[in-house]
Amino acid sequence: MSTFQSKNKTIELQENIIRYFLIAAATISILTTFGILFSILFEAIEFFKLKSFVYFFTGTEWSPGTINSKFGALPIFAGTFIITFIAMCVALPIGLGSAIFMSEYASSQQRTYLKPLLEILAGIPTVVYGFFAAITVAPFIVNVCNSMGIDASFNSALASGVVMGIMIIPVISSLSDDVISAVPDSLRKGSLALGMTKAETIKDIVLPSALPGIISAALLGISKALGETMIVVMAAGLRPNLSWNILEDMTTVTVRIVDSLVGDQAFNSPATLSAFALGLALFVVTLVLNIVSVRMIQRFKEKYKMSSL
């Protein structure tokens, strides 16, 4: 009896150690997030003490290196969202389409070869994508536009967005493939038994079941696009340009952050502190995207659960 009690105490001690370790890991993750936020927030507050908060978000001129420096970040935010939108227009349909093919149509042998080949794109350094955008994609876009009588710059949002989308394809494809493959085969067989075609089964049964995971994959792709720097530097340029013309040069938040921190300005100068204000804005945008995504997933799950009853 004493041996049995001793063994139970040992097991209980091990479980407590594991539980405390997991609590500590979760606490460190949360504290790290707040640490990142506060490290950016305090410096951003210093910037807004020197420059107008309202003009920062509504101003249309960004000229930190001049005597009468202006910090209107609207062109930077516009360039960020335009390039991200172009990237997602490329990555989402191609990534989701390839995921559907690999999970629903490809044979096991085709899947064995195709998925590793697709995921090779995820291992290519972003600077290589930048070279590809600057040397191959941008001249191709310029030549096509010139043949149609349209002016296009070698540094353009279109070239940067297209290559950025190619870079994001493996992220969306791999995650969507895993989610779609996790849908129970019983749902597919039941749908086919009721007379639905394979395409109808995928559209009406498989994709709605996997939609929360697909939304998460798309959100991860958007976050990756928002944080990309090298492709934008090499293919879209450094000039803050408030324009809807995707054939012109533009820049993004991350590029301006790097440009602000690598200069010879003093750390407490507005030009340097502007990097923290941009970083805080990017942090808030990413946080809002996550909150909206989680809420969308929750609403979809509730709706799908009610429709299945």
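Which residues does alanine 277 touch, not counting residues up to four places away in sequence? The model is a predicted one, in which local features need pLDDT of at least 70, side-chain atom pairs count only at pLDDT 80 or more, and totals for chains, interfaces and linings use all residues. Residues are numbered from 1 along each chain as its sequence is written, and side-chain values use heavy atoms, with hydrogens and water left out.

**View 1. Alanine 277 and its contacts.** Leaving out residues up to four places away in sequence, alanine 277 touches Ala44, Phe47, Phe48 and Phe56; contact here means heavy atoms within 4.5 Å. Alanine 277 belongs to helix α11 (residues 270-308); helices (H or I, at least four residues) and strands (E, at least two) are DSSP runs, numbered from the N terminus. Is alanine 277 buried or exposed? Its relative accessible area is 1%, so alanine 277 is buried; buried means under 20% relative accessible area, exposed over 50% and partly exposed in between, with a 1.4 Å probe and protein chains only. Along the chain, alanine 277 and phenylalanine 56 are 221 residues apart, and their C-alpha atoms are separated by 8.8 Å. Helix α11 also holds threonine 272, which is buried at 6% relative accessibility.

View 2. The structure holds 14 aromatic pairs; rings of Phe, Tyr and Trp (its six-membered ring) pair if their centres lie within 6.5 Å, and planes under 30 degrees apart count as stacked, over 60 as edge-to-face and the rest as tilted. One of them is the stacked pair of phenylalanine 34 and phenylalanine 38, with 6.2 Å centre to centre and 25 degrees between the planes. Both residues lie in helix α1 (residues 2-50), four residues apart, about one turn of the helix. Phenylalanine 34 is partly exposed at 42% relative accessible area, and phenylalanine 38 is partly exposed at 37%. Phenylalanine 47 and phenylalanine 48 have ring centres 5.4 Å apart and planes at 70 degrees, so this pair is edge-to-face. Phenylalanine 47 is buried, with a relative accessible area of 0%. One aromatic cluster is formed by Phe47, Phe48, Phe53, Phe56, Phe57, Trp62, Phe71 and Phe77.

View 3. Glutamate 228 sits in the loop between α8 (198-226) and α9 (230-235). A salt bridge is a side-chain nitrogen of Lys or Arg within 4 Å of a carboxyl oxygen of Asp or Glu. A polar atom of the glutamate 228 side chain lies 3.2 Å from the backbone nitrogen of isoleucine 231. Neighbours within four places in sequence aside, glutamate 228 is in contact with Thr126, Met164, Met167, Thr252 and Thr254.

**View 4. Threonine 252.** Threonine 252 lies in the loop between α9 and α10 (253-261) and is buried at 4% relative accessibility. Its side chain makes a polar contact with the side chain of threonine 254 at 3.3 Å. A polar contact is a pair of N or O atoms within 3.5 Å; within protein, one must be able to donate a hydrogen and the other to accept it, and residues adjacent in sequence count only if both atoms are side-chain atoms. Residues up to four places away in sequence aside, threonine 252 touches Ile76, Gly79, Thr80, Ile83, Glu228 and Val232.

View 5. The whole structure has eight salt bridges. Among them, glutamate 46 pairs with lysine 49, the closest N and O atoms being 3.4 Å apart. These two residues are three residues apart in helix α1, so about one helical turn separates them. Arginine 188 and aspartate 185 form another salt bridge, at 3.0 Å from N to O, and both lie in helix α7 (residues 185-193). Arginine 188 is buried at 11% relative accessibility, whereas aspartate 185 is partly exposed at 47%.
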